[in-house]
Amino acid sequence: MDKGKPAGQQSDGCVGVSLDDYTRLYRALRTLSAGNRTLARASDEATLLHDMCHAIVEQGGYRMAWIGYAEHDEARTIRPMAYAGVEEGIFEVFELSWADDIKHPTALALQSGVPRVGHLVLEDPALAHLHEEQRRRGYVSVSAFPLVIDGEIGGNLSIIAGETDAFGEDEVNVLSELAEDVSFGIAALRARKRQQEAEVALRQLALYDGLTGLPNRALFRTRLEELACQIPRLIRPFAVGIVAIDQFREVNEMLGSRHGNDLLLRAADQLRTFIDGEDLLARVSDDEFALLWLDTDAEHASQRAARLLAAFNEPLPLAELAVDARPRIGIALFPGHGTDAEVLMRRAAVAAREARRTTTHCAIFTGNLDDECARNLALVGDLHRAIAGEQLRLYCQPKIDIASGVPCGAEALVRWVHPEYGLIGPDRFITLAERAGLIAPLTSWVLGAAFRQLYAWQSDGLILPLAINLSARDLLDGRLVDRIRGLFVTWGIDPAHVQFELTESALLEDPSRSLETLSRLKDLGVQLAVDDFGTGFSGLSYLQRLPADSIKIDQSFVGRMLEHEGSDAIVRSTIDLGHDLGLNVVAEGVEDLATWQRLAALHCDVAQGFYISRPLPVEEFAAWRQPEGLGRAVAH
Ligand code: C2E
Ligand code: CA
Ligand code: CA
């Protein structure tokens with residue numbers, strides 16, 4: 001036998017040769033191993049099918065092999081996807097259907113879901129109309145295997161041999177295994193493709209505004225951050241403008257959201273004409289756009305703003321009305337008004353508020369910078385004392401398992417009761433603490449308070465996992481893990497009852513060191529969650545490398561998912577993506593029953609938000625009862 005070709009393959013019309021059992025089994029095994037090599041290499045579905053058919057014919061020495069997909073349409077069509085070997089137009093005469101009245105082995109395999117073998121197809125009366133065609137091509141025996149893809153009959157692998165006694169029991173068993181491997185390969189490639197598509201969609205949705213197609217706040221801010229990293233001696237000034245369309249709300253309320261959206265679309269078109277080259281226009285909130293004007297100093301920015309405003313002098317025709325859509329503009333300049341993206345945007349917004357009081361509708365930021373610096377400095381000094389003294393408070397916000405409606409954990413959130421300013425939220429002082437090198441003592445305080453709380457709950461018979469937020473700097477602190485290990489020993493807490501939440505951006509600051517701290521944390525037996533998911537820019541491949549157990553979808557998407565199709569799509573794809581990666585998915589910022597119900601319908605695992613409870617001082621937490629109706633919502 002040359003190169004494993006059985007005698008029947010020598011296409012001289014000499015068909016009906018028999019093979020011994022050993023040869024049959026041997027060629028099936030050879031086919032299986034060639035098939036597995038194909039499987040391991042294939043990167044897309046079409047290539048997998050094509051290479052698989054070729055491996056079967058070329059390595060296994062069969063006469064023909066083909067793979068079809070079974071449609072679940074009325075005619076039960078079989079769609080041939082790939083073949084190799086002697087084909088010569090057989091698909092033109094063959095009935096490509098698996099309807100009940102079709103009796104060829106491929107149809108029978110698809111109908112029954114089990115392999116079918118036709119040893120003597122040339123004598124099968126049900127195939128009489130094909131005998132001539134089959135004889136011409138040297139088809140003698142056929143075996144057909146169903147491909148079960150994701151639990152459904154998805155197609156067939158059919159193999160044709162030129163010998164009368166091909167496809168004995170052992171051979172069929174081996175080939176069945178090959179068919180199962182093919183099914184598995186198809187399912188895996190499809191899952192991978194779905195993940196890639198979800199990732200692309202997610203990025204697109206996370207970075208662009210659904211209505212205008214413009215970049216959104218997150219993308220705008222990233223671009224500013226890149227620019228803010230300019231090397232000092234090469235610095236080129238740029239202007240950040242906030243353009244507020246005040247008429248939007250009024251039009252929305254009086255004429256309806258269709259006209260409101262129309263107004264925004266026209267404003268966006270108009271604004272686009274004031275963007276050159278690498279400048280950037282973004283939609284940063286419902287009724288605000290942001291402009292980035294490169295190489296623009298204060299004087300130039302005023303001129304550009306005046307020209308822009310002049311373009312809005314003509315009223316816009318909307319719903320048979322002439323609407324005055326003149327916006328107001330606030331401008332902040334880099335580097336004079338700040339070298340940080342967040343600060344520049346905040347200052348441009350302050351200037352836009354100022355513009356309300358001007359006749360030109362335009363203002364450049366003039367706030368007293370020294371005041372703000374002085375206030376922050378004083379606050380940092382106070383924070384030192386607050387950590388050492390008794391001014392920090394631990395608040396907890398419950399999380400609920402959506403399927404059962406039962407509380408499944410809580411998040412620890414820190415508050416500062418300032419002797420002069422009263423209650424200050426973490427958004428105001430965490431960044432300050434990070435900048436002033438105070439994050440380690442702050443985190444130590446929170447960790448201590450959280451472990452004490454877990455112990456107190458445990459003593460009262462309440463077992464509720466508590467999640468603690470860590471900031472970027474914490475992950476770079478070599479002593480963090482030892483400190484946490486010490487707390488477990490001191491309080492005798494089960495590591496399974498402690499979670500740590502980390503934002504994507506925290507992980508990106510120094511990915512390899514963060515990753516190392518994370519795996520050391522994970523080794524303690526705790527759970528890890530990626531916080532504010534969707535607002536960062538880490539790719540899926542990075543997420544896959546993290547030892548994370550769950551992701552928390554950022555509240556900016558959850559909060560708007562009912563009104564905004566884009567946000568709903570992000571939430572939906574994030575849930576699917578999370579589940580594909582075997583992660584638990586938490587939605588934060590759930591503010592009403594309707595959002596809860598939508599999340600339940602999307603099979604989100606856990607919810608957290610004001611609808612369930614605001615963050616509560618720990619002393620009040622034990623008395624908290626979940627709102628009525630969460631169980632009922634699940635039943636819908
Ligand atoms: P986060 O980790 O995303 O925490 C969730 C924030 O969303 C909390 O704000 C919470 O009060 C708020 N929130 C919860 N449910 C809802 C809702 O339904 N609607 C709305 N609009 N908001 C909701 P909070 O307590 O002001 O904390 C802000 C951020 O400060 C936290 O965001 C976290 O990143 C940080 N933070 C809080 N405590 C700590 C801490 O102990 N250490 C560190 N490093 N960061 C902390
Ligand atoms: Ca958090
Ligand atoms: Ca969050």
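pLDDT is the predictor's confidence in each residue, on a scale from 0 to 100. This is a predicted model, and pLDDT stays under 50 over residues 632-636. The chain as a whole averages a pLDDT of 88. Two calcium ions, ligand 2 and ligand 3, lie 4.2 Å apart, and D531 coordinates both. Salt bridges and strand pairing complete the picture below.

**Confidence**

- Of the residues, 93% score at least 70, and the chain average is 88.
- Residues 1-16 have a pLDDT below 50. Beyond near neighbours in sequence, this stretch has 24 contacts in the model.
- For residues 632-636, the model has 8 contacts beyond four places in sequence.
- Where pLDDT is low, the predicted coordinates should not be read in detail.

**Calcium ion (ligand 2)**

- The protein donors are E411 (OE), N469 (OD1), E501 (OE) and D531 (OD). They lie 2.1 to 2.3 Å from the ion.
- Along the chain, these donors follow the spacing E-x57-N-x31-E-x29-D.
- E411 sits in strand 14 (residues 406-418) and E501 in strand 17 (residues 498-503). The pair links distant parts of the chain, 90 residues apart.
- E411 counts as buried, because its relative accessibility is 5% and the cut-off for buried is under 20%.
- E501 is also buried, at 1% relative accessibility.

**Calcium ion (ligand 3)**

- D532 is partly exposed, with a relative accessible area of 23%. E588 is buried, with a relative accessible area of 8%.
- D531 bridges this ion and the calcium ion (ligand 2).

**Strands around the donors**

- Strand 17 has 5 of its 6 residues buried, so the rest of the structure largely encloses this strand.
- Strand 16 (residues 466-469) pairs with strand 17 in the parallel sense, over 4 bridges.
- L466 has V498 in strand 17 as its bridge partner.
- Strand 17 also pairs with strand 18 in the parallel sense, here over 5 bridges.
- Q499 stands opposite Q527 in strand 18.

**Salt bridges within helices**

- The count of salt bridges comes to 34.
- R223 forms one of them with E226, and the closest N and O atoms are 3.3 Å apart.
- R223 and E226 both lie in helix 7 (residues 217-228). They are 3 residues apart, about one turn of the helix.
- R223 is partly exposed at 23% relative accessibility. E226 is partly exposed at 49%.
- D482 and R485 meet in a salt bridge at 2.9 Å, N to O.
- Helix 16 (residues 480-491) holds both D482 and R485, 3 residues apart, about one turn of the helix.
- D482 is partly exposed, with a relative accessible area of 41%. R485 is partly exposed, with a relative accessible area of 40%.

**Salt bridges between elements**

- The side chains of R520 and D482 meet in a salt bridge at 3.9 Å, N to O.
- R520 lies in helix 18 (residues 511-523) and D482 in helix 16, so the pair ties together parts that are 38 residues apart in sequence.
- R520 is partly exposed, with a relative accessible area of 30%.
- Salt bridges that share partners join K399, E411, E501, K552 and E588 into one network.

Methods: Residues are numbered from 1 along each chain as its sequence is written. Chains are lettered from A and ligands numbered from 1 in the order in which they are written. This is a predicted model: local features need pLDDT of at least 70, side-chain atom pairs count only at pLDDT 80 or more; totals for chains, interfaces and linings use all residues. Side-chain values use heavy atoms; hydrogens and water are left out. Donors are N, O and S atoms within 2.8 Å of the metal (3.2 Å for Na, K and Ca); water is not among the atoms, so sites may look incomplete. Buried means under 20% relative accessible area, exposed over 50%, partly exposed in between (1.4 Å probe, protein chains only). Helices (H or I, at least four residues) and strands (E, at least two) are DSSP runs, numbered from the N terminus. Contact means heavy atoms within 4.5 Å. Two strands pair if DSSP finds at least two bridges between them. A salt bridge is a side-chain nitrogen of Lys or Arg within 4 Å of a carboxyl oxygen of Asp or Glu.
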